[in-house]
Amino acid sequence: MDFPERATMSETIETPTTQFLTAHGVAFTLHDYDYVSDPGKIGLHAAAGIGIDQNKVFKTLMVEIDKKQIVCVAIPVHKKMDLKKVATLFGGRNARMLGAEKAEALTGFKVGGISPFGARTQVPVVLDESVLKLDTLYINGGGRGLVVALKPADAIQCVNARMADVTVPDA
């Protein structure tokens, strides 16, 4: 596996995400960074903190469709999610971001540390289709200041993720 060197501090950190990936036989590396709580920019800080291009680092967003279905959507950290595209993907009319308190209760993770892997309640996962162009995906590792690096195919397979264009086009 061709992942960058694992940060020595991360080697002993265990989260529900790392436990989930290990249980599913997924090879990954864990990277830590100094977490900065800056709404809307947490993912950008993560990419800078681990020194990885923003196209390869994905943020995890919890979305509620038509006030009845919850889904987990992961997109590149520098992009904006298109809520209408997400709703349409699931046959819905409206989608909105899930409130922080509800997202934390559902996933068992703190906002800023939500991962599509190892959540308390498994919900459908959508990965932006740009993930298919990557050799390595960097995504939240189940704690604030933690990112896991893994092969996109492994990420897709272990949560049976759907691929779709779910971002707002670049201006």
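I began with helix 4, where the cover over the buried residues includes strand 2 and strand 3. I keep in mind that this is a predicted model.

I then looked up which residues of helix 4 are buried: Ala103, Leu106 and Thr107. They span an arc of only 85° around the axis, so they lie on the same side of helix 4. I checked what comes after the helix. Glycine 108 follows helix 4, and its phi is positive, near 85°.

Next I looked for aromatic pairs. I found 1. The ring centres of phenylalanine 20 and phenylalanine 117 are 6.3 Å apart and the planes stand at 25°; stacked means under 30 degrees, so this pair is stacked. The two partners are 97 residues apart and link distant parts of the chain. Phenylalanine 20 belongs to helix 1 (residues 16-23), while phenylalanine 117 is in the loop between helix 4 (100-107) and strand 5 (125-128). Are these two phenylalanines buried or exposed? I noted both phenylalanine 20 and phenylalanine 117 as buried.

I also looked at a charge over a ring. Arginine 162 has its charged end over the ring of phenylalanine 90, 4.7 Å from the centre.

Last, I turned to the cores. The largest nonpolar core holds 32 residues, and Phe117 is among those with the most contacts inside it, as are Leu21 and Met62. Several elements supply at least two residues each, including helix 1, strand 2 (57-65), strand 3 (69-76) and helix 4. Helix 5 gives the most, 4 residues. Another core lies apart from this one, with 14 residues, including Val73, Ile75, Met81 and Val166.

Conventions: Residues are numbered from 1 along each chain as its sequence is written. This is a predicted model: local features need pLDDT of at least 70, side-chain atom pairs count only at pLDDT 80 or more; totals for chains, interfaces and linings use all residues. Side-chain values use heavy atoms; hydrogens and water are left out. Rings of Phe, Tyr and Trp (its six-membered ring) pair if their centres lie within 6.5 Å; planes under 30 degrees apart count as stacked, over 60 as edge-to-face and the rest as tilted. Buried means under 20% relative accessible area, exposed over 50%, partly exposed in between (1.4 Å probe, protein chains only). A charge sits over a ring if NZ of Lys or CZ of Arg is within 6 Å of the ring centre and within 35 degrees of the ring normal. A nonpolar core is a set of buried Ala, Val, Leu, Ile, Met, Phe, Trp, Tyr and Cys residues joined through side-chain atoms within 4.5 Å. The arc is that of the directions from the helix axis to the C-beta atoms. Contact means heavy atoms within 4.5 Å.
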